[in-house]
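I opened this one to see how the chain is laid out and who pairs with whom. Here are my notes, in the order I settled on.

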Amino acid sequence: MSNSDIDAATALVGARQPIPAELDAKLAGGENVLALAAVDLDEALIFTQGELVLTDRRLWARSGGSGWRAWELAPELRLAHSDHGGVGTLELCDARQRLAEWRFTLGADPQVQKLLAAFERQQARRAGRPAELEASDAAAEPGDPPEDEPATQEPEGPPSTWVLLRLSRFARPYRRQLALGFVLTLAATAATLVPPYLTIPLMDEVLIPFQGGQRIDPGYVALLLTGLLGSALLAWGLGWARTWLLALVSERIAADLRTSAFEHLLGLSLDYFGSKRTGDLMARIGSETDRISVFLSLHALDFATDVLMFVMTAAILFSIDPSLALVTLLPLPFIAWMIHLVRDRLRTGFEKIDRVWADVTNVLADTIPGIRVVKAFAQEAREAARFREANRQNLAVNDRLNKTWSLFTPTVSLLTDVGLLVVWAFGIWQVSRGRVTVGVLTAFIAYIGRFYTRLDSMSRIVSVTQKAAAGAKRIFDILDHHSNVPEPAQPEAIERLKGAIELRSVAFRYGSRSVIRGLDLSIAPGEMIGLVGHSGSGKSTLANLICRFYDASDGAILVDGIDLRRLRVADYRRHIGLVLQEPFLFFGTVAQNIAYGKPEATRAEIVAAARAAHAHEFILRLPQGYDSLVGERGQGLSGGERQRISIARALLIDPRILILDEATSAVDTETEKEIQKALDNLVRGRTTIAIAHRLSTLRRADRLVVMDAGRIVELGPHDELMARRGAYWRLHEAQARRADGSDVEPDDDETLIDASLEAEGHAHTAMQSGRQP
């Protein structure tokens, strides 16, 4: 791209930035704004209002009530971006010192990333290096997510009707039935065209001669009437067989599509679900496939019949009288022009309807599972208002679409009526000149009635076709998405894991946010490791990486010396047991939930796992024991009971690697003791990685890993870390004082913990770089 192109693109960006009036007055002539970002924290991390503005000459900044400051762009200037604990930092430095620093919440990070990218492009250009500037970047508005952020929505381009052709791969297994259906459609259509043709001899050879005084031949009339009845019965029988056969095929195509979409959805990595709403995914797999099924079984069949009827009728009309046939086709160009005009509006309109309807179902998906919280905070009116607003937007989008459609349909009917009137007038003129007979005209009018009826029907199918195309696009958006945790091309087989885990320079980013940085750790088979650190330090992310819910951005994770990316995901995860802070139970019996990871388990194995998890006694007290329904998400059980069933579920599969993520944090002390007994049985002989804020639950750990900002700041057994009197000791002492009821305030306590961890993090970084802290 040439410099002039860059200037034009950056000028476009600058023209679209909301430039503050005070700054606009300070800009030099020809100085173009490239990017703008809001910074919402001051140096003390107190919310404020600040702005950063990058032009092609300077970087401007102001914070709070202060005035604007500017730095001329020079080759030695650089911007450094970092984030920690949900707070982002942007530093402006030259070759000798830091010139300025700005802080912001991660909600402002996308704008900052855009500004940073624009700054680097401008510096590269000033230094004479190639500066890549894509058109999409140039046209992006401030606040758009950076390129490495996960997309939260599908592309908004209008769905093409051609997307329906992609359904052909689901129709391929039923090609014989479809071929038979086409033959039946062809035959049924031909049968329906026989009666109008029989009206020609009925009029010209029977009725009109009778009016002239000739006798009626009963045998000939009976033959004609039998032909009319026979063709009607044949058309009915063929139509029934065709409809029944193609309805069966369309239902199976929709079922296969629904199953494929769900199976593909299950294979996607967790980051996909993090950017989607539950109600939206349910609507795609549920209602969208139903819409496609209705389209295939009814409307597509009708459309095929209409096309055949249209072509065959046109052929018959031209064979009877070419001049009358040409007059019949007069409305066609106008109808085709109208279909082209409204098609794009309908296409985009129906996709908007799908999106706003997904918003309606999202409100339901949020509110119904959380109804206890809604009622506890007396927010029924608020949730009703949310639903009312989503429903109002759905109504508004439908009204706009109906406005277009309501005008289109009557206009097509008017054109066909006018066409029929023209044919009557021309036909009467032809009869008066003796060019056609009354019988021919009568048959012609009968055929034209069918011709225009099918034409009107074909025009109406534009609506349902665009609905089906919008639904198909949303389903194929799922099918086209590839998992970020891919299966290996040539996987290595694993029979039995020992449980040795090694992390080599592991790093991971959530979009633009760095969570794990250069982490090295070796875990021996059967060893219990406790992960300690404040929220956001990377503990749960590390556990997710070991489970391979995500793949590391850099580095490698090895199990028994094999890179995780060389193992089949399902084979590896069969060796992992997971116990979460919020145990999830499915609707079903207690036995079914315990045996979820091993559906073929016997009742004896299920009971043994429940006994080991200290769940057997309370299960027997339930109305139907192990056959008792637990309700949706286990609502019929207490938190401790759900957790013990979750532990039994993990015990039953006999995993070699066990992940405990805050397994006892949400229960009372007595319940924690019961769960701890169950956990003691669970961890025995297994490689265990336990995450806990209650340090007392980690005393049995062989080693403790203290994490901060995605790095390991301390590592060792409990007694050794306490003797060091470092970050772990401060964290332990703070919790001990809180447990003893000291005067330490929670906020001060958390500040102490965070400060100590931060200090240890800086010390660890300094030691790694060979400097003294």
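This is a predicted model: local features need pLDDT of at least 70, side-chain atom pairs count only at pLDDT 80 or more; totals for chains, interfaces and linings use all residues.

**Salt bridges**

I started with Asp 563, which counts as buried at 15% relative accessibility. My cut-offs: buried means under 20% relative accessible area, exposed over 50%, partly exposed in between (1.4 Å probe, protein chains only). Residues are numbered from 1 along each chain as its sequence is written, and side-chain values use heavy atoms, with hydrogens and water left out.

I then looked for the partner of Asp 563 and found its side chain in a salt bridge with Arg 565, at 3.2 Å from N to O. The rule I used asks for a side-chain nitrogen of Lys or Arg within 4 Å of a carboxyl oxygen of Asp or Glu. Arg 565 is partly exposed, at 33% relative accessibility. Salt bridges with shared partners also join Glu 91, Arg 98 and Glu 101 into one network.

How many salt bridges are there by this rule? The count comes to 21. One of them pairs Arg 166 with Asp 480, with the closest N and O atoms 2.8 Å apart. Arg 166 lies in the loop between helix 4 (135–139) and helix 5 (168–171), and Asp 480 in the loop between helix 15 (438–479) and strand 8, so this pair ties together parts that are 314 residues apart in sequence. Arg 166 is partly exposed at 36%, and Asp 480 is partly exposed at 37%.

I also noted Glu 492 and Arg 566, whose side chains meet in a salt bridge at 1.8 Å, N to O. This pair links distant parts of the chain, 74 residues apart: Glu 492 is in the loop between helix 15 and strand 8, and Arg 566 is in the loop between strand 12 (562–563) and helix 17 (569–573).

**Two buried residues**

Is Val 506 buried or exposed? Val 506 is buried, because its relative accessible area is 0%. I placed Val 506 in strand 8 (residues 501–510). Leaving aside neighbours within four places in sequence, its contacts include Ile 516, Leu 519, Leu 545 and Ile 557; contact means heavy atoms within 4.5 Å.

Next I checked Thr 589, in the loop between strand 13 (576–579) and helix 18 (590–594). Thr 589 is buried too, with a relative accessible area of 14%. Beyond neighbours within four places in sequence, Thr 589 is in contact with Tyr 626, Asp 627, Ser 628, Leu 629 and Val 630.

**Helix 6**

Arg 176 lies in helix 6 (residues 175–192) and is exposed, at 75% relative accessible area. Leu 186 is found in helix 6 as well, and I logged Leu 186 as partly exposed at 37%.

**Whole chain**

Of its 773 residues, 47% count as buried. Among contacts between residues at least 6 apart in sequence, 71% join residues at least 24 apart.

Methods: Helices (H or I, at least four residues) and strands (E, at least two) are DSSP runs, numbered from the N terminus.
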